[in-house]
Amino acid sequence: MKALRLALVAAALAASVAAAPAVDRFREANELARAGDYPKAIALYGELSASGEESASLYWNWAQAAAARGAQGEALWALLRARELDPGDRAVVRDVERLRESLNLDPAEIAPEPLAAAGRASRRFRLDLVALVLLALSLLAHGLARAAPGLRWPGGAAWATLLLGLMAAAVPLAASLSRPTAVVVRRGAPLLDAASPTAEATGSLREGEVVPVLESSGAWLRVEDNAGARGWAHVDDVRRIDAAPTPPRD
Amino acid sequence: MRRLAIALALVPALAEASFTLRSEVDARRIGVEDQLQLTITVEGSGAPDEIPLPALTNLEVVGGPYQSTQVSIVNGRMSQSRSHTYALQPRAVGKAEVGVVRAGDQAAPAIAIEVVAGSARPRQPQRQDPFGMDPFGDPFEEMLGRRRSRAAAPKLLVEAVPSRTRLRVGEPLLLTYSLVTQASVADLQFKEPPQFAGFWVEDLERPQGSPSGEAATVEGESYRRFPILRKLLFPTKAGTLTLPATTFRIGLARQGFFDAGGAVERATNPVTITVDPLPDAPGFSGAVGRFRTSSSLDRDVVPLGEAVTLRFRIEGTGNLKWIDRGPEVAVAGARVFPPQAKSDLRATSEGITGSRTWESVVVPETSGALEVPPLPFSWFDTAAGKIVTVETPPLSLRVEGGTVAAGLPVPAPRPGALRSGGSLPLRADLDRHPASSLALPGRTLFALAGLALLLHAALWGAGRWRAGARRGASRAASPRSVRAALAHLERAGREPMSKEQAASLVEKALHEAFGEVPEDDESERARAVRALLEDGRLVRYAPQLGQYEDRVKDLAARAAAVVRRWA
């Protein structure tokens, strides 16, 4: 028992020691942003997210720095990423709306996948855990009903908890069927006919527009814009919402 | 100059005659393809209103009469003349004649015309009209086979004059379109709408100038200048911007009865504007001009639970319409709702003048003294040539009542909600891994839900299996066994035998009908069989204390009923 306690304490210390540099770098990035050095601040935020230190606060600050720099598309992406991580953050939701209006985007243009909203609601209210708890309770009630045939309530409870559990599980399961999305972070980003820098541009994407990702190939994403045009865009121009950004390219 | 052949008949003046009558034609020798103009003129007063058409020989009327009246005052005496004009077409080659014209007691002699083959009039060159047929052209031009033309091209031009040619992004520029002319103009319109690429445009009211315009000199000649349009332009990007030439179509006023008027096109010269970029500074959002800011609360003391209205106002002159967001407001201890913007703006030649006000509803969440922090605003001052940042003074708000004691320090706002001044509303804590981000993958959840369903199915299947096993153990007896059991029971209730023999026979019959009854079988059937067997054992092993015939008969009858019902 004593050995187990020592191991837990050691693990906690190791975690705090590893987290300390991340917190320091986060503060350093904030200071850079406050001083007006937005490019360096954004680069530091990017390094933190690429190292796995993701949080809604990180992306919130990233969005503020990007907006101050004039990169509204990037700011919108950072806010949407923050909303993915913490769907209950109302400040993020409010700023997403504000930025959407300043970009003259229709609400549907930043929500091409309606099931994604169900996914956020599921994460916010932990419907996956609720579903698992209800399903486990239904199993217990069912077993009790079999073990004690004379008791009537376990049978009803088993049915009720089973139905509720399946309903709760249906929301995250449906959300998992939605396509991943990405945000156009560069004004006039080209839509290419192939995943190659020498491919021909078939159109341009609107900054801030959220597009479904159809497939990916290396540093290229095949996307579909709101007008239905499909093509390839570079990850530097179009950033996915469902994953941390790739490390900055030299 | 056209040459008129005039047959003039001066009628001897009579004492009572106060008018004269003339009959004129514009040619005495014409071709059969030509037309002839006949003008009958009455000068003086007292002439009848109607002048009858004279007799025509080898001529027919193809147009008219067209009347015109002229009044002139010479040396204090007024004279009046009235003309009736006809267009005549010869019918055949040969002699033609316009007969004597009579009006009242006056008469004009007949005029002889010679008609030759073809056309005797010289061909006039067609006027080049860029707009084709002029609907207001002189009708005689077509009828008479020739067209009239103005003596010279009208002297007029249009110009677009900017108030300045170098400015910064967001600064206003007044562009005035003017008509400079020596001719009378009846109509003026754009041939194509002007293009203002790179500018944000505001329309200004039409300039109120003198109706006669202002004097202007162009290349040594005197003109009149009429401002016709003013636009207020705000460059939206830096660089050299060019306003392309704008073409106007100008309708000319008719100068007389036979003047067709017409229309001409004139274009302005392109205008080149040099636009300098604005300096960059934190908190500067692109406002350019001269502004004043103020903030106010609608009351200084408010009960807890009620709201106050915070107003932030910017007034002045500049690109006020560009200022679409007020400063972010955060009040510690209060909830600030997103503001509503109100505008009172008008376009002037100096820019957009007026005010914009952002009204925020502030709901205190605690008692005590709250403070609305200074609200900053930055703009590029065109007079100073630099970015100016000012802050409104802080405002105090006292919140009374409530459960929190007055004077207690108010809670600090949560990270991210604080937006003070022009600085970024950054969050201080990294706040990693919120619980909501740890969601189960869809596949995992699907697998777990499927596993739960499988376990439910297994439990249900096990129950069914056990029930089946019970049914197998107590399955229905064959008809032969039932008949044999009933026969045994009949014998036990009817034939004289000892109680042991009778009880043994009942037990045998029950076993034949139902077999072994499991101890854990709680069904009504099992309980009934077990009760009969128990009674049988009681009868069998009870001491012989009396007659058991009735009891044996009762036992056999109940066993027979159970066998008939369940077996």
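Before the helices, a word on geometry: axes here are lines fitted to C-alpha atoms, for helices over the stretch in contact, and angles run from 0 to 180 degrees between N-to-C directions. Helices (H or I, at least four residues) and strands (E, at least two) are DSSP runs, numbered from the N terminus.

What you see is a predicted model, in which local features need pLDDT of at least 70 and side-chain atom pairs count only at pLDDT 80 or more, while totals for chains, interfaces and linings use all residues. Residues are numbered from 1 along each chain as its sequence is written, and chains are lettered from A and ligands numbered from 1 in the order in which they are written.

Let me start with two helices of chain B, α4 (residues 499–514) and α6 (residues 549–566), whose axes come within 10 Å and cross at roughly 5°. Angles under 35 degrees count as roughly parallel, and α4(B) and α6(B) are therefore roughly parallel to each other. Their contact (C-beta atoms, placed from the backbone, within 7 Å) involves residues including Val506(B) and Leu510(B) of α4(B), and Leu555(B) and Trp566(B) of α6(B). The residues of this contact divide into twelve nonpolar, no polar and one charged, where Ala, Val, Leu, Ile, Met, Phe, Trp, Tyr, Cys and Pro count as nonpolar, Asp, Glu, Lys and Arg as charged, and the others, Gly among them, as polar.

Turning to the two chains together, 30 residues of chain B are in contact with 41 residues of chain A. On the chain B side, these residues divide into 18 nonpolar, eight polar and four charged.

Chain B also holds an open sheet of four strands, in the order β2-β10-β7-β4, with mixed pairing; strands pair if DSSP finds at least two bridges between them. Because β2 (29–31) and β4 (56–57) of chain B stand at the edges with a single partner strand each, one side of each is left without a neighbour in the sheet. Strands β7 (residues 94–98) and β10 (residues 111–116) of chain B run antiparallel and are joined by five bridges, and Gly94(B) stands opposite Val115(B) in β10(B).

Finally, which value does phi of Asn58(B) take? It is near 55°, a positive value in a residue other than glycine, although most residues other than glycine have a negative phi. Asn58(B) lies in the loop between β4 and β5 (59–74) of chain B, and with 16 C-beta neighbours inside 10 Å Asn58(B) counts as partly exposed, a class between buried (20 or more other C-beta atoms, placed from the backbone, within 10 Å) and exposed (12 or fewer).

Terms used:
Angles under 35 degrees count as roughly parallel, over 145 as roughly antiparallel, 65 to 115 as roughly perpendicular and the rest as oblique.
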